[in-house]
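Open the model in your viewer and keep the selection tool ready. We will go stop by stop: select, look, move on.

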Amino acid sequence: MAIVDVKVPQLSESVAEATLLQWKKKAGEAVAQDEILIEIETDKVVLEVPAPSAGVLAEIVIADGGTVTSDQVIAKIDSEGKAGAAAPAAAKPAQATPSAVASAPAAAPAGGSKSDVAMPAAQKMMADNNMPAGSVAGTGRDGRVTKGDVIGALASGTAAKAAPAPAPAAAPRPALQQVSAPSAGADLGERPEQRVPMSRLRARIAERLLQSQSTNAILTTFNEVNMAPVMEMRKRFQEKFEKEHGVKIGFMSFFVKAAVHALKKYPVLNASVDGNDIVYHGYFDIGIAVGSPRGLVVPILRNADQMSFADIEKKIAEYGQKARDGKLGIEEMSGGTFSISNGGVFGSMLSTPIINPPQSAILGVHATKDRAVVENGQIVIRPMNYLAMSYDHRIIDGREAVLGLVAMKEALEDPARLLFDI
């Protein structure tokens, strides 16, 4: 028998630990080299763990929901074994917290079916959601119920509801008692609830947003932009641009170019605070907020001032696909000197974006709609977009913030300015 360890990938310096999601293989099953065995969620990204060798998954050391650190052994592969040749080894359950132990249902009695046994993390979630033992089908080793099984059952609504246990006749009536089942024909309606623990990514997003609001003096300035010139330019060159570069030209490349144009004029918008110092960055790394199934992520366009329109569009498309697939790397989301959030893709008319620390400003872009505006004393219809820029008033005064947003407006209403940098 030749055993090969499956280890947690090296995490970044800022990530102390991670959480195992759900094993894609069971102990005793054959695996191919580089086949994805499990995903590991950090507070920034989700990492895939491939099989380092072909063979048989001899042992799962850490079960679904376990907390792990860099280079920790989480499974073992027998590179010379054959599937089904030996009984699968028991997986080490995720360490349960005292509260989980207290609220978890009792384990199955000796001689009972292993399929009735839930892993500690799954037991805690079942107890929190009032789900009786046996109400969730297990997919873990020997049919054990994993945390992923419980989450799936809650999402699909397939888990049975626990029946209230009858109170002893002599027991005093508790202050909060279980409500008995309604009589036939009673229409009381349903008020379902679902309790799902935050993912590490969602918890990290919450932490950073609270940090931003508690440490920055956030103020937001607004302006409106006539997008007709940009729309006309896109329409004029779209076909040739797509044929030449293999990607469509969108609005975001114009917003990125306009932002860089303004940041060059007003460098404090591209700066950050470090203690009592202001750090002025001589480069322009623009973060693009992207919604993903696991939460908001902000990949970075490095040296955006040196990127062409085609480079920007290709990179944004690449980041969007990676975000949907959960493939963004930590290095792709680290750093950044200024961010752009495009709520317009979801139909937002106006918002006040929150600064992404340690940055000092962020641009909010919204939906472009035909609106009535006044030009030369006449009411005309124009495709208008409302821009909002939130900034840290500790280092950015209203003058720089307003003039910076005006510079973006002027660049968008006269895109030729971007060619001549005026």
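**Stop 1: Aspartate 71**

Select aspartate 71: it is partly exposed, with a relative accessible area of 42%. Aspartate 71 sits in the loop between β7 (67–68) and β8 (73–78). Its phi is near 65 degrees, a positive value in a residue other than glycine. Most residues other than glycine have a negative phi, and most peptide bonds are trans.

Before moving on, note what you are looking at. This is a predicted model, where local features need pLDDT of at least 70 and side-chain atom pairs count only at pLDDT 80 or more, while totals for chains, interfaces and linings use all residues. Residues are numbered from 1 along each chain as its sequence is written, and side-chain values use heavy atoms, with hydrogens and water left out.

**Stop 2: Asparagine 303**

Now select asparagine 303. Here is another positive phi, about 50 degrees, and asparagine 303 is not a glycine. Find it in the loop between β15 (300–301) and α7. Is asparagine 303 buried or partly exposed? Its relative accessibility is 33%, so it counts as partly exposed.

**Stop 3: The proline pair**

Select proline 357 and proline 358 together. A cis peptide bond joins them, with omega at about 5 degrees. Proline 358 lies in the loop between β16 (338–342) and β17 (361–365).

**Stop 4: The whole chain**

Zoom out and colour by secondary structure. The protein chain has nine helices and 19 strands. Helices (H or I, at least four residues) and strands (E, at least two) are DSSP runs, numbered from the N terminus. Of the 422 residues of the chain, 41% count as buried. Now think about contacts, meaning heavy atoms within 4.5 Å. Among contacts in the chain with a separation of 6 or more, 65% are between residues 24 or more positions apart.

**Stop 5: Leucine 328**

Leucine 328 and valine 46 are 282 residues apart in sequence, yet 7.8 Å apart in space, C-alpha to C-alpha. Leucine 328 belongs to the loop between α7 and β16. Its relative accessibility is 6%, so leucine 328 counts as buried. Show what surrounds it. Not counting residues up to four places away in sequence, leucine 328 touches Val45, Val297, Pro299, Tyr319, Lys322, Ala323 and Met333.

**Stop 6: Threonine 19**

Jump to threonine 19, in strand β2 (residues 18–20). At a relative accessible area of 13%, threonine 19 is buried. Which residues does threonine 19 touch, not counting those up to four places away in sequence? They are Glu39, Ile40, Glu41, Gly65, Gly66 and Arg200.

**Stop 7: α6 against α7**

Select helix α6 (residues 252–265) and helix α7 (residues 309–325). They pack at an angle of about 120 degrees, with their axes 9 Å apart. Axes are lines fitted to C-alpha atoms, for helices over the stretch in contact, and angles run from 0 to 180 degrees between N-to-C directions. The two helices are therefore oblique to each other. On this scale, angles under 35 degrees count as roughly parallel, over 145 as roughly antiparallel, 65 to 115 as roughly perpendicular and the rest as oblique.

Show the side chains. From α6, Met252, Ser253, Phe254, Val256 and Lys257 make the contact; from α7, Phe309, Ile312, Glu313 and Ile316 do. These residues divide into six nonpolar, one polar and two charged. The classes work like this: Ala, Val, Leu, Ile, Met, Phe, Trp, Tyr, Cys and Pro are nonpolar, Asp, Glu, Lys and Arg are charged, and the others, Gly among them, are polar.

**Stop 8: Serine 253**

Stay in helix α6 and pick serine 253. Serine 253 is buried, with a relative accessible area of 0%. Leaving aside neighbours within four places in sequence, serine 253 is in contact with Phe309, Ile312 and Glu313.

**Stop 9: α6 against α8**

In α6, select Phe254, Phe255, Ala258, Ala259, His261, Ala262 and Lys265; they meet Gly404, Ala407, Met408, Ala411 and Leu412 in α8. The residues of this contact divide into nine nonpolar, two polar and one charged.

Technical notes: Buried means under 20% relative accessible area, exposed over 50%, partly exposed in between (1.4 Å probe, protein chains only).
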